[in-house]
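Welcome to this guided tour. Please open the model in your viewer and keep the selection tool at hand, as each stop begins with something to pick.

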Amino acid sequence: ESVSSFISLVAGIAFIIQVGIWSHTLVEALVTARREESLADDPGSVTTLNAISLISKGVIWTIVLLLVLDNIPGIQVTTLIASLGIGGIAIGLAVQNILGDLFASLSIMLDQPFVIGDFIVVDTMSGTVEHIGLKTTRIRSISGEQIIISNADLLKSRIRNYKRMQERRILFSVGVEYGTPADKLERIPEMLREIVTSQTQVRFDRAHLQMFGDSAILFEIVYFLLDPNYTAYMDTQQNINLAIVRRFGEEGIHFAFPSRTVYVKQEVDPA
């Protein structure tokens, strides 16, 4: 009878563990299939799927452990859970930094302030997100090195996500020299408007004579680039700058450069 009871106990525990393995494998298969479908279309869902997979596996094996313990004679699961609760408080106080990073990781995965592939700026650091882990996030900087940031520190910082930029606002100034005739100064805003609107994927905002600077009369130009790509911005700005140089040359308008005029007053000796 004792042998039969032992075999039944072992068989029951083995069956529970096997069900846990099947459940774990099922979750892994479903998440992997969904991840492959979403990787190209929606990278943000990949991060959420990783969080769901982690939580699901944790729940599955917690249930398996409790069922196994409940089937072992002499073990009171409720008493054990109460003891683990008290011990968990002590452990939580000891590893609160690690737990902080873990909960920050779950917050990043669920809230998705950024996802893998996004270009972000955190304080003075910038780069492309390569990996979001349980404790740290890895960013590949523009210069090539990998930056590793704690998840808790990351969420405490102000993050700029340039991947989600839909259009780019550009403001720049042009300075012409003092002595430029007033009629030419009056025509310059219209010249600048024509130059900017001649570019593709551009929405012109304004061009005004802004101020009289120390050594130049300054014009301020604002436009929106409908393509957020940085290379597209630099190409467009380069075309605008070259067009301004050509147009000002045709109109006889000269760019200003830093200069200073010194007036010397000569004192006449009354004697």
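Is Asp118 buried or exposed? Select Asp118: its relative accessible area is 4%, so the residue counts as buried (under 20% relative accessible area is buried, over 50% exposed and anything in between partly exposed, with a 1.4 Å probe and protein chains only).

Before moving on, note that this is a predicted model, in which local features need pLDDT of at least 70 and side-chain atom pairs count only at pLDDT 80 or more, while totals for chains, interfaces and linings use all residues. Residues are numbered from 1 along each chain as its sequence is written, and side-chain values use heavy atoms, with hydrogens and water left out.

**Stop 1: Asp118 and Arg164**

Arg164 and Asp118 form a salt bridge, with 3.7 Å between the closest N and O atoms (the rule asks for a side-chain nitrogen of Lys or Arg within 4 Å of a carboxyl oxygen of Asp or Glu). Arg164 sits in the loop between strand 5 (159–161) and strand 6 (168–176), and Asp118 in the loop between helix 4 (96–111) and strand 1 (119–122), so the pair ties together parts that are 46 residues apart in sequence. Helices (H or I, at least four residues) and strands (E, at least two) are DSSP runs, numbered from the N terminus. Arg164 is partly exposed, at 44% relative accessibility. The count of salt bridges comes to nine.

**Stop 2: helix 6**

Now select Arg193 and Glu190, whose salt bridge has its closest N and O atoms 2.5 Å apart. Both belong to helix 6 (residues 182–197), and because they are three residues apart, about one helical turn separates them. Arg193 is partly exposed at 32% relative accessibility, and Glu190 is partly exposed at 36%.

**Stop 3: around Glu220**

Next, pick Glu220 in strand 8 (residues 217–225). Glu220 is buried, with a relative accessible area of 13%. Its side chain meets that of Arg206 in a salt bridge of 2.8 Å, N to O. This pair links distant parts of the chain, with Glu220 in strand 8 and Arg206 in strand 7 (residues 202–212), 14 residues apart. Arg206 is partly exposed, at 26% relative accessible area.

Show the Gln210 side chain too, and you will find a polar contact of 3.3 Å to the side chain of Glu220 (a pair of N or O atoms within 3.5 Å; within protein, one must be able to donate a hydrogen and the other to accept it, and residues adjacent in sequence count only if both atoms are side-chain atoms).

**Stop 4: aromatic pairs**

Phe172 in strand 6 and Tyr223 in strand 8 are 51 residues apart. Phe172 is buried at 11% relative accessible area, and Tyr223 is buried at 0%.

Finish with Tyr230 and Tyr233, an edge-to-face pair at 5.5 Å centre to centre and 65° between the planes. Both lie in helix 7 (residues 230–251), three residues apart, about one turn of the helix.

Technical notes: Phe/Tyr/Trp six-rings, centres within 6.5 Å; stacked < 30°, edge-to-face > 60°.
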